[in-house]
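Grab a pencil and work through these exercises with the structure open beside you. Each task comes with a solution in steps.

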Amino acid sequence: MLVVAGTIISAAVPSGNMNGKYSVSSGARMDVPFNDDYASKGNEYFDVYSPEIATTYGENFWTDMGLNPLPDHIVQRFAGKVLAITGYEQDQVLVEPAGKPGVNPDKDVSVPINWAYNHHYEGYMVGTHAELERVEPDPNNWADHGGPNAPAKWVATDKPGAPQGFPTSQYFSEGNGGESRKSFHGYPTGYAQLIHSPTQWHITPMQIDTRKRECGVTAASIKNCTKFEHWLEPKQAR
């Protein structure tokens, strides 16, 4: 069984990038001059972890992971105020001890791309004055992907009496697959996603377990089978 936790950086303490330097393209030009260092721009950050993800080989993990609290110091700092999110970073990590994300962040080990393929993810951040509602698909709405057989979706809505003028929730969605860790998710100078009194975050990852078990699935196995190797195959696929 492969046990991982996902972590996303949003915005509160000066630091460099989680995933190192990013290669930025412009049209057909690669590695164009671009300042991708959040800290050099005066940005701050905080970490949030998803609950544990445990999968078996070939499993497609596409699961709602519920509402999770933001760090207390962030909730207190921005109570009644507006947080400006200028970018974020994402990683899939093995944690120590297993099942305790965030206890020893210095011992987090990034999961290799050939272990668990991150197809996409959808995340929300909600504040004191917002809530997530589970909405059943509308058969007459093309955006619901197939009508009555489509999965339900989450929609953030304002609570009665929500303050006006600033968003009470924000949505983050990426479909850039396994490359998401090395894709820059930042905004131009002067731009940000704003949220009033943030308190919780919510993520629905979709990732596929592709690690050959004979190669190992612990931090000590990172250097084993560094290239993708296929493993079990269902009879009907032959």
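**Exercise 1.** Does Tyr171 count as buried, partly exposed or exposed, and at what relative accessibility?

*Solution.* Before starting, note that this is a predicted model, where local features need pLDDT of at least 70, side-chain atom pairs count only at pLDDT 80 or more, and totals for chains, interfaces and linings use all residues. Residues are numbered from 1 along each chain as its sequence is written, and side-chain values use heavy atoms, leaving out hydrogens and water.
- Take the cut-offs: buried is under 20% relative accessible area, exposed over 50%, partly exposed in between (1.4 Å probe, protein chains only).
- Tyr171 comes out at 38%, so partly exposed it is.

**Exercise 2.** Classify the ring pair of Tyr38 and Phe184.

*Solution.*
- Rings of Phe, Tyr and Trp (its six-membered ring) pair if their centres lie within 6.5 Å; planes under 30 degrees apart are stacked, over 60 edge-to-face, the rest tilted.
- That rule gives six aromatic pairs.
- For Tyr38 and Phe184, the centres are 5.5 Å apart and the planes sit at 25°, so call this pair stacked.
- Now the burial: Tyr38 is buried at 12% relative accessibility, while Phe184, at 23%, is partly exposed.

**Exercise 3.** Now do likewise for Tyr124 and Tyr171.

*Solution.*
- With 4.9 Å centre to centre and 40° between the planes, Tyr124 and Tyr171 make a tilted pair.
- Tyr124 belongs to strand β9 and Tyr171 to strand β12, 47 residues apart (strands are DSSP runs of E, at least two residues, numbered from the N terminus).
- Tyr124 has a relative accessible area of 15%, so Tyr124 is buried.

Methods:
Helices (H or I, at least four residues) and strands (E, at least two) are DSSP runs, numbered from the N terminus.
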